[in-house]
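Thanks for coming. I will go through one structure, starting with its domains and then some backbone details.

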Amino acid sequence: MSTRLVIVNAGSPTGLKFSVEFGDRRALFDFGVEHAPGRALFSLGLKPRPGRELRDLLAVSAAPRLEGVYDAWDGRTAVFISHLHLDHTGLVRFLHPDLPLHYPAGMEELRAAAAGAGYAEWRDPAGQPVADRSRVNWGEIEVEFVAVDHDLPGATGFVVRTPDLSLAYSGDQRRHGLHPELTEGFTAAARGVDVLIQEAVSLTLLEPALEPRVELSESEAVAGLERLVREVKGMLVVNLYAMNRERVHALGRACAAAGRPFLMEPAAAAVAAWPHTFEDPAAVPRDACLQLSFENLPTLIDLRPPPGSAYLHSDGQPLGVFDPRWPLLEAWAAHFGMAFVRVGSSGHSRPADLVRTVSEVNPGLVMPAHSRAPQLLQVPGVSSLVPEPLRPYSAEELKAAGVRRATPRS
Ligand SMILES: [Zn+2]
């Protein structure tokens, strides 16, 4: 018997899924949909048709054709989820109810809130929340949950051990957030594994000119929000990401300190666990900070932002200039005479931190994934293999492809 690793979807740029198989068991990691507005067939408002969602997604290859996970459970597959982002969870709702489903306990509160608000559908029954640093044994596959820092609560990586292979999966992670010690803890737990599957979202071949952006740390982003709250005299309309509860609450505190209300749309407030909402735009105070999603931009017509107002993009949808909806944001802000400001911080490791993490883990082999340009991840002394989707890799082959550095494995 030997372990087999299958990258179901390399996540280029999103939707990474892979399985580790040993004997009669299969552990499947993450189960999301690609976020590629304007390229994915179901994007920009085109949705699978009601009542035939899964069939539609399968028909356009937006969901993988996997036996034993949808209509009937094969008795051999268990699913492990790293965090709540849709590119890691969007297909969970289609999993068969009998299939064992595991996810980090740290995301349970957010998961329940997002499902309750209709923000992110989930399977019923929800599955098993797993405490950080706990291990789940699926046959002879052992899966350890190791928390990482990302831009929402309860993100995890995994260390997976089988009788003939050790493997770590980064999940989505960063080292410039508010909890770098979590990602460092993952790095330590993964040290010396045979294979590291590393997210490399920040590696891209896009011209920097297409995405002109100063890369802020999360604390710098929060400081930037605080400054805007103090300096913007009119209304401050914010397009933010409700699942990033820490940033939402930091903004709320800054508003409170400045004596301004911070109000959110009810669904977003439920996701963010923020108590103050607005329903009637006409009743919103003229000096308010107000969360407004892309879909609700027409609400600006009723809000009538006074002179001196600003539109702040802070990592809400659309996420960036790669999204064809982006120019609309700027057009709406311009129409209402609002300054357009962008202050955010990526949830993903910066390129230099990717190199640092891989060096510190010092795996036999790194498989960069979840990237438009995974081939750019080159770390001195560590073998790199850009995985080929759907091609099974044996433990033997993976270990042979790895070259150990001179430093001994600890
Ligand atoms: Zn993510």
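The domain bounds I use come from an automatic or database domain assignment. This is a predicted model, where local features need pLDDT of at least 70 and side-chain atom pairs count only at pLDDT 80 or more, while totals for chains, interfaces and linings use all residues. Residues are numbered from 1 along each chain as its sequence is written.

The assignment gives domain 1 as 4-205 + 347-401 and domain 2 as 218-342. Taken over C-alpha atoms, their centres are 31 Å apart. The contact between them involves 17 residues from domain 1 and 14 residues from domain 2; two residues are in contact if their C-beta atoms, placed from the backbone, lie within 7 Å.

Next, the backbone. Helices (H or I, at least four residues) and strands (E, at least two) are DSSP runs, numbered from the N terminus. Where are the cis peptide bonds I want to show? One runs from Asp-124 to Pro-125, with omega near 5 degrees, and Pro-125 sits in the loop between α3 (108-116) and β6 (128-130). Another runs from Gln-317 to Pro-318, with omega near -10 degrees; Pro-318 is in the loop between β15 (310-314) and α9 (326-335).

Last, positive phi. Ala-273 is not a glycine, yet has a phi of about 60 degrees. Ala-273 belongs to the loop between α7 (266-272) and β14 (289-291). Leu-390, also not a glycine, has a positive phi of about 65 degrees, and lies in the loop between β18 (383-384) and β19 (393-394).
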